[in-house]
Amino acid sequence: MQTRQLVVELQTPVSRHSRSSRLLQQAAPRNPVRVGIIGGGRLGSQLAQALMTYGDVEPQELVISTRRPEILVKLEEQGVACFYDNRRVAATSDVLFLCCLPSQLPVVAEEVKGHIAAHCTVYSFVIGVPLPRFKQIFRFSNVLKPEFSWRADSAARWEVSKDVCSALEDSRVAGLTCPLPPQPDDCLIQTGEKWAELAVYIFLNTCSDLQLSWEQSLNLANTVILGQTSTHPDAAVFNTENFTKNIANPASPFPRFDLSLVTENDTPLTRCLKENAAVRRLFTRKYVSIFDKFYYWKGIKQVMQKK
């Protein structure tokens with residue numbers, strides 16, 4: 001979401017008037033990501049709530065397709081459109097989450113294949129279906145299938161009686177969900193560097209879809225993902241060698257990266273995220289800041305953890 005807003009600001013010049021004038025009269029319009037969820041059970045409904053709470057997704061930017069929309073009354077009351085039309089959701093989403101049962105996947109695939117927008121990123125949370133099979137039945141390759149592992153003692157660290165949003169109100173828990181933690185053995189949920197790597201490539205694909213040059217894309221990546229600013233620059237930054245060696249023209253965009261190939265193979269970025277401690281530190285700090293912003297807005301006081 002932050003990426004698209006920064007792009008709007010780049011493309012919407014603001015004159016140098018007073019600060020109040022810029023904020024009140026010439027604010028850049030919102031350029032939202034359209035998010036779709038297929039499956040409105042416990043996973044789909046909690047995902048929707050988490051996206052609105054922590055992901056800067058407005059209710060009107062989110063749609064859910066489910067066989068039983070009547071059970072999602074609370075989400076509908078917040079302004080989320082809930083209905084049963086998988087094809088419509090797939091055709092109108094920039095990001096699509098699949099939260100259906102494995103037994104329902106063939107039917108869903110038959111309904112949506114050929115209707116998913118080429119630029120859409122699909123996240124599959126359907127268990128028991130390997131990525132190659134998914135690509136085959138959906139005829140679509142821009143797919144992510146997260147692989148999670150849990151620590152055996154995770155119940156002692158995460159109060160399992162809470163829903164996801166409530167649990168993440170604890171900064172200690174939120175920090176332990178980061179894919180590039182300073183101390184991986186302490187993680188509640190382990191996804192490895194590959195999940196963070198995929199997030200970076202999705203970001204660059206989004207920049208290419210928005211017709212940004214590779215130079216603009218790198219600058220935004222360092223701002224949005226690593227938290228870099230012009231007033232507080234850091235030596236640890238992403239550069240072109242982390243992604244490709246074939247771009248000669250600074251005005252041209254990055255090539256669109258095949259996410260399934262990134263999932264299945266090492267890339268130039270793989271080594272950077274595994275070995276560059278400074279990049280990992282900045283990534284983690286930016287990740288945690290997302291939750292810190294929420295705590296500030298909601299007035300949730302956090303207990304400082306001993307280092």
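Let's start with a charge and a ring: the charged end of Arg88 sits over the ring of Phe83, 4.1 Å from its centre. (A charge counts as sitting over a ring if NZ of Lys or CZ of Arg is within 6 Å of the ring centre and within 35 degrees of the ring normal.) Before going on, keep in mind that this is a predicted model, where local features need pLDDT of at least 70 and side-chain atom pairs count only at pLDDT 80 or more, while totals for chains, interfaces and linings use all residues. Residues are numbered from 1 along each chain as its sequence is written, and side-chain values use heavy atoms, with hydrogens and water left out.

Now for the rings that pair with each other. The structure holds 13 aromatic pairs; to pair, rings of Phe, Tyr and Trp (its six-membered ring) need centres within 6.5 Å, and planes under 30 degrees apart are called stacked, over 60 edge-to-face, and the rest tilted. One of them is Tyr201 with Phe243, an edge-to-face pair at 5.8 Å centre to centre and 90° between the planes. Tyr201 lies in helix H11 and Phe243 in the loop between H12 and H13, so this pair ties together parts that are 42 residues apart in sequence. (Helices are DSSP runs of H or I, at least four residues, numbered from the N terminus.) Both rings, Tyr201 and Phe243, are buried, where buried means under 20% relative accessible area, exposed over 50%, and partly exposed in between, using a 1.4 Å probe and protein chains only. Phe254 and Phe257 make a tilted pair, 6.1 Å centre to centre with 45° between the planes. Phe254 is buried at 2% relative accessible area, and Phe257 is buried at 12%. Elsewhere, ring pairs join Tyr54, Tyr287, Phe291, Phe294 and Tyr295 into a cluster.

Phe243 turns up again in the nonpolar core. In soluble globular proteins, nonpolar side chains tend to be buried together. Here, the largest nonpolar core has 51 residues, and Ile37, Phe97, Phe238 and Phe243 touch the most other members. H11 supplies the largest share of this core, eight residues. (A nonpolar core is a set of buried Ala, Val, Leu, Ile, Met, Phe, Trp, Tyr and Cys residues joined through side-chain atoms within 4.5 Å.) Take a look at Ile37: leaving out residues up to four places away in sequence, its contacts include Leu47, Leu51, Leu62, Ile64, Val89 and Phe97, with contact meaning heavy atoms within 4.5 Å.

On to the charged pairs. A search of the whole structure finds eight salt bridges, each a side-chain nitrogen of Lys or Arg within 4 Å of a carboxyl oxygen of Asp or Glu. Asp209 pairs with Arg256, their closest N and O atoms 2.9 Å apart. This one links distant parts of the chain, 47 residues apart: Asp209 is in helix H11 (residues 193–209), and Arg256 is in the loop between helix H12 (214–224) and helix H13 (259–264). Asp209 is partly exposed at 33% relative accessible area, and Arg256 is partly exposed at 34%.

Glu275 and Arg271 form another salt bridge, with the closest N and O atoms 3.0 Å apart. Both sit in helix H14 (residues 268–275), four residues apart, which is about one turn of the helix. Glu275 counts as exposed at 57% relative accessibility, and Arg271 is exposed at 60%. Finally, the side chains of Glu70 and Arg68 meet in a salt bridge at 3.5 Å, N to O. Glu70 is partly exposed at 49%, as is Arg68 at 48%.

Definitions and conventions
Helices (H or I, at least four residues) and strands (E, at least two) are DSSP runs, numbered from the N terminus.
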